[in-house]
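Here is a brief report on one protein model.

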Amino acid sequence: MNTPDAGTRTLEVVVVYAFDSSTTTPAYSLVDEVYWLVQSKIGSLAASSRLSYIYFMSSNNTYTFEKRFAASGEKIIVQTRLEADRLIRECENPNGIILLLSDGLANKGDFYDGVEDFVSTWPVHTFTVGGDGYNQGLRTIAANSPGGTFSHLPVPAEPRNSAAFSLYMDDIIMRDDEKPPTRDLGPRTLEVVVVYAFDSSTTTPAYSLVDEVYWLVQSKIGSLAASSRLSYIYFMSSNNTYTFEKRFAASGEKIIVQTRLACTKNMACGLYEADRLIRECENPNGIILLLSDGLANKGDFYDGVEDFVSTWPVHTFTVGSDGYNQGLRTIAANSPGGTFSHLPVPAKPRNSAAFSLYMDDIIMRDDEKPPTRHLGPRTLEVVVVYAFDSSTTTPAYSLVDEVYWLVQSKIGSLAASSHLSYIYFMSSNNTYTFEKRFAASGEKIIVQTRLACTKNMACGLYEADRLIRECENPNGIILLLSDGLANKGDFYDGVEDFVSTWPVHTFTVGGDGYNQGLCTIAANSPGGIFSPLPVPAEPRNSAAFSLYMDDIIMKKPTYNKMAVVLTADSVMVGVELNGASSAMAREGLDLVVVLDIQGSREGGDIKLSKMKKAMEFVIMKLTPMDRLSIISKGEQANRLRQCPLRCMTPAGKADLKALINGLTGRCVNLEQGLVEALAVIRRRVHTEGRTANIFFLTDDNEGYGNARSVDPGNVAVHTFGFGKNAGHELLKDMAKRSPGGTYSFVPDDSDLCAPFSQQLAGFLTVVNTI
């Protein structure tokens with residue numbers, strides 16, 4: 001067996017001309033240029049690296065392919081008129097790449113049909129050499145491959161003479177150690193467009209605020225390459241026009257002087273125009289900043305905004321109310337790497353240190369940021385919500401009091417300006433009470449205030465959100481502690497639909513009857529955590545609980561997955577409900593789930609429903625860097641054809657949710673199910689920087705086959721016995737035989753989200769494997 005470092009890497013690349021090549025068109029000539037550019041790049045790798053092409057001719061409904069050694073040009077397969085995956089696969093080489101270049105049309109016919117459903121073994125990087133009419137299809141094709149990308153920019157007119165395109169091709173073809181040494185071309189050129197996403201017919205406070213943001217952005221990107229450009233777009237309803245301008249950020253010199261044009265239909269809040277302003281520069285480094293007045297505006301300029309899929313990141317902000325926050329989240333989510341700002345733009349953007357740092361984070365790479373970014377201890381805002389009736393002092397109330405004082409002792413060690421608040425509800429007079437103080441000194445900022453409840457207060461989360469928001473501090477946390485009941489009424493209603501701006505960490509101080517709701521509340525927040533174990537009887541005297549609170553308040557939790565025990569204990573386990581950001585540098589997860597729920601057995605329909613909800617939860621929490629495969633149905637446990645190991649892109653998630661919803665309860669051969677799951681993992685081509693795990697859920701005893709006989713090798717198998725009829729001893733043995741495997745017993749009347757989320761915690765955070 002070869003060692004990982006076997007010298008220069010052999011690479012297989014196939015260039016697909018994804019359009020009719022019956023005649024030589026400009027598109028054909030462009031792809032030819034790309035082909036020769038790729039040959040020059042991979043020719044510097046191992047002499048055995050191979051380059052192939054495939055093109056189609058509608059005139060005789062044939063396709064042609066050829067393969068050659070990239071370095072020497074010697075042909076291996078001469079031009080044959082008779083497929084990209086096969087051309088790579090037959091070489092038995094794990095290093096393969098497919099480059100698919102489209103004319104921008106959704107072509108139909110034998111050669112094209114099925115392209116958006118094809119799941120490639122190798123990365124497929126897609127480009128357009130024509131219009132952008134097929135961009136969504138090209139995104140889907142790339143997303144259905146491991147590590148595939150869609151190029152933001154069309155192929156330039158002279159690919160071999162474009163430095164930006166050449167660097168882009170280096171990035172997708174070569175590893176860092178293979179790239180040419182002369183890649184440092186000085187500071188990065190950046191294109192930024194600021195969109196005033198509201199009516200600017202008159203100068204309003206919103207307009208003035210965005211002006212401030214514009215000049216702040218200019219000061220930041222002016223420190224990058226002198227060629228970096230800054231544009232703006234604003235709209236005026238008085239004459240239904242939009243205005244734009246582009247300038248060099250450093251010098252202020254105008255490239256496009258202020259230009260006013262009549263609005264056309266469905267301008268997507270100016271995003272089409274912003275996209276064009278960046279695209280025409282042929283620069284892959286583009287950012288759009290969209291600032292809204294908080295209203296769901298209508299009309300030619302605005303229509304279509306939530307359906308627009310941007311080529312570049314769109315970072316959204318509100319400079320008014322939060323009435324349109326959900327729309328702003330959608331706009332950002334429809335772009336690659338876009339974000340929605342938790343906080344509204346502050347009253348003086350250029351004087352706000354927190355806002356300035358936030359803008360650094362979304363505009364600049366780490367190596368471009370100013371060196372003086374350490375501003376001392378972090379100021380933190382924490383709100384503790386007593387999510388139950390506090391009309392009388394109950395054991396639950398006393399427990400949450402203990403948690404409150406524990407939290408105060410912890411955040412008191414941070415910046416002296418850190419604040420701690422509480423909110424509680426009294427049904428006796430339908431009021432809620434809140435108070436805010438400095439955590440370190442105890443000095444009160446808002447003395448105890450009691451107000452009448454209004455409709456749909458979402459268990460106090462609206463008020464908690466306000467208490468943090470008014471401080472204009474991006475570091476906020478909400479701790480919601482429930483009595484385990486699904487309470488109803490003005491104070492509680494709407495809680496499971498509330499989407500928080502800050503992390504909401506949920507706990508139970510009573511039974512586990514509302515655990516599913518607490519999972520949902522946490523999942524609806526960025527980075528929220530649901531604690532599967534109740535708060536201990538003496539929170540301030542529990543070392544485990546104290547450490548757990550440190551993890552969610554002070555720092556990102558770490559997990560030693562080799563130390564997870566196979567039996568229940570009293571350790572408080574952190575359940576991370578949000579995938580780590582790219583900055584956290586976690587490994588990608590390859591998860592194979594074997595599902596064996598028999599709908600025909602008594603209570604089977606209920607269990608099947610719980611299984612579907614839990615799997616939807618898993619799908620929701622995985623990110624595009626993760627891949628998921630599902631095995632279910634049939635005594636031979638055939639892997640679902642609709643579900644190979646899929647990247648968890650939006651398209652992949654939608655497909656798997658539909659698949660899960662269509663499952664019916666049928667028996668799985670446990671031995672064959674485990675064998676098939678291991679086979680899925682062992683067939684992987686791309687394994688570097690990825691961790692593989694198996695979830696095995698059953699409500700049956702051994703039944704079919706002998707799963708104990710299967711050697712899991714170095715793959716962790718996490719088993720879940722659902723109900724009293726499951727083969728619990730077998731499941732324990734299966735878990736024990738695998739490195740880091742765990743076994744979980746799930747009672748018949750419990751939900752599955754909690755044990756699934758507990759296991760996902762260690763996968764979706766930075767994992768310490770010492």
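## Confidence

Residues 766–770 keep a pLDDT under 50, yet the model gives them 14 contacts beyond four places in sequence. Where pLDDT is low, the predicted coordinates should not be read in detail.

The model is predicted. Its chain averages a pLDDT of 81. Of the residues, 87% score at least 70.

## Positive phi in two loops

Most residues other than glycine have a negative phi. N61 is not a glycine, but its phi is positive, at about 50°. N61 sits in the loop that links β2 (50–57) to β3 (62–69). Its relative accessibility is 45%, so N61 counts as partly exposed.

N240 also has a positive phi of about 50° without being a glycine. Its loop runs between β8 (229–236) and β9 (241–248). N240 counts as partly exposed because its relative accessibility is 28%.

## Q408 in helix α9

Helix α9 spans residues 395–411 and includes Q408. Q408 counts as buried because its relative accessibility is 14%, below the 20% cut-off.

Which residues does Q408 contact, leaving aside neighbours within four places in sequence? They are L420, R437, F438, A439 and G442.

## Helix α11

Helix α11 covers residues 515–523. How many of its 9 residues are buried? The count is 7, so the helix is mostly covered. The buried residues are N515, G517, L518, C519, I521, A522 and A523.

Notes:
Residues numbered from 1 in each chain as written. Predicted model: local features only at pLDDT ≥ 70, side-chain atom pairs only at ≥ 80, totals over all residues. Heavy atoms only, no water. Buried < 20%, exposed > 50% of the residue type's maximum accessible area, 1.4 Å probe, protein only. Helix = DSSP H or I, 4+ residues; strand = E, 2+ residues; numbered from the N terminus. Contact = heavy atoms within 4.5 Å. pLDDT = per-residue confidence, 0-100.
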